[in-house]
Amino acid sequence: MQNRGDIECWLTDMDGVLVHENRAIPGAPELLAQWAKNDTPFLVLTNNSIFTPRDLSARLSASGIEVPEERIWTSALATAAFLRSQSPGGTAYVVGEAGILTAMHEAGFIMTETDPEYVVIGETRNYSFEAITKAIRLINGGARFISTNPDATGPSAEGPLPATGAINALITKATGKEPYVVGKPNPMMFRSALNRIGAHSENTGMIGDRMDTDIVAGIEAGLHTVLVMTGISDQREIDRYPFRPSEILGSVAELLES
């Protein structure tokens with residue numbers, strides 16, 4: 001197991017680690033400024049595939065956190081990078097918002113409803129029955145079923161919202177086919193992030209607030225894992241799992257150099 005002193009590069013989750021309900025978590029702006037000052041390679045990771053990195057950078061900035069767009073790695077970017085490695089210049093039918101649509105376009109994919117190689121399901125707040133029906137028929141017709149992330153619900157001010165994982169389950173029930181999910185907890189998302197910043201697992205740390213996505217994927221990718229208690233995890237949540245992070249900290253403020 002790596003010591004924190006050996007860590008030269010960082011991956012960090014966004015919600016529950018850097019921000020909570022559009023407010024910066026104390027210590028997060030200072031940690032990011034410290035990394036920038038020390039030229040520490042880092043990426044902010046999110047399973048959210050609705051927004052482009054530019055959108056997310058602007059939203060973080062409004063919360064008091066400065067992260068340039070090239071330092072943001074989304075499940076949409078990871079999905080597009082994976083599919084480009086599988087089928088350069090391929091075809092896809094995509095259900096989702098600007099995040100996944102832009103990433104797929106920039107990866108060189110052609111969007112089509114006619115015999116696509118892939119059906120890609122991303123996050124959206126506007127799932128249409130028509131689009132889901134089309135996806136089901138295309139998958140039954142032989143298109144490969146890909147999803148950006150497995151999260152069944154997402155947060156909102158009014159309470160939980162059905163998210164990508166719930167739509168994946170609906171399509172699976174209708175087709176009998178499971179999607180290949182690229183986002184966390186698939187270590188693929190971390191490996192593509194490491195490639196993006198030219199980092200190696202032996203000297204990279206992962207900061208997250210969820211045992212079931214950030215920490216398990218970090219462990220499987222061979223990273224030094226840091227669980228912070230500013231998100232959804234408490235001791236009871238930690239005790240539910242048979243694995244443990246390298247470190248458990250109150251918040252990212254504890255990672256600041258004194």
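This is a predicted model: local features need pLDDT of at least 70, side-chain atom pairs count only at pLDDT 80 or more; totals for chains, interfaces and linings use all residues.
## A buried aromatic pair

The structure holds five aromatic pairs. In one of them, the ring centres of Phe109 and Tyr118 lie 6.2 Å apart with the planes at 65°, so this pair is edge-to-face. Tyr241 and Phe243 form another aromatic pair, this one tilted, with 5.4 Å from centre to centre and 40° between the planes. Tyr241 has a relative accessible area of 16%, and because the cut-off for buried is under 20%, Tyr241 is buried.

## A ring cluster with an arginine

Let us turn to Trp10, Trp35 and Phe42, which ring pairs link into a cluster.

## The largest pocket

Now to the open spaces. The largest pocket has a volume of about 1200 Å³. Its lining is made of 37 residues, and those closest to the centre are Asp15, Asn48, Gly154, Pro155 and Ser156. Sorted by class, the lining of the largest pocket comprises twelve nonpolar, 14 polar and eleven charged residues.

Which elements give two or more residues to this lining? They are the strands β2 (19–20), β4 (42–46) and β10 (153–154), together with the helices α2 (53–62) and α8 (211–220). The element that gives the most to the lining of the largest pocket is α2, with three residues.

## The second largest pocket

The second largest pocket has a volume of about 330 Å³. It is lined by 19 residues, and Pro53, Leu77, Ala103, Glu106 and Arg196 lie nearest its centre. By class, nine residues of this lining are nonpolar, four are polar and six are charged.

Helix α2 turns up here too: α2, β5 (72–74), α3 (75–86) and α4 (98–106) each supply at least two residues to the lining of the second largest pocket. In this lining, α3 gives the most, with five residues.

## A parallel sheet and its covered strand

Next comes an open sheet of five strands with parallel pairing, in the order β7-β6-β8-β9-β12. Its edge strands are β7 and β12 (180–181), each of which pairs on one side only.

Strand β6 (residues 91–95) is mostly covered, with five of its five residues buried. How do its two faces divide these residues? Thr91, Tyr93 and Val95 are on one side, Ala92 and Val94 are on the other, and all are buried, so to speak of β6 is to speak of a strand covered on both faces.

Two of the strand pairings can be followed in detail. β6 pairs with strand β7 (residues 110–111) in the parallel sense over two bridges, and Thr91 stands opposite Ile110 in β7. Strand β8 (residues 118–121) pairs with strand β9 (residues 144–147), also in the parallel sense, over four bridges. There, Ile121 stands opposite Ser147 in β9.

## Backbone details in the loops

In the loop between β12 and α7 (187–197) we find Pro185. The peptide bond that leads from Lys184 to Pro185 is cis, with omega near 10°.

Asn22 lies in the loop between β2 and β3 (23–24). Although Asn22 is not a glycine, it has a positive phi of about 65°. Is Asn22 buried or exposed? Its relative accessibility is 54%, so Asn22 counts as exposed.

Asp115, in the loop between β7 and β8, also has a positive phi without being a glycine, here of about 50°. With a relative accessibility of 66%, Asp115 counts as exposed.

Note on methods:
Residues are numbered from 1 along each chain as its sequence is written. Side-chain values use heavy atoms; hydrogens and water are left out. Rings of Phe, Tyr and Trp (its six-membered ring) pair if their centres lie within 6.5 Å; planes under 30 degrees apart count as stacked, over 60 as edge-to-face and the rest as tilted. Buried means under 20% relative accessible area, exposed over 50%, partly exposed in between (1.4 Å probe, protein chains only). On a 1 Å grid over the protein atoms alone, a cavity is a set of points where a 1.4 Å probe fits but cannot get out, and a pocket is an open set with protein on both sides within 12 Å along at least five of seven lines; lining residues have an atom within 4 Å of a point. Grid points are joined across faces, edges and corners, and a volume is the space filled by probe spheres set on the points. Ala, Val, Leu, Ile, Met, Phe, Trp, Tyr, Cys and Pro count as nonpolar, Asp, Glu, Lys and Arg as charged, and the others, Gly among them, as polar. Two strands pair if DSSP finds at least two bridges between them.
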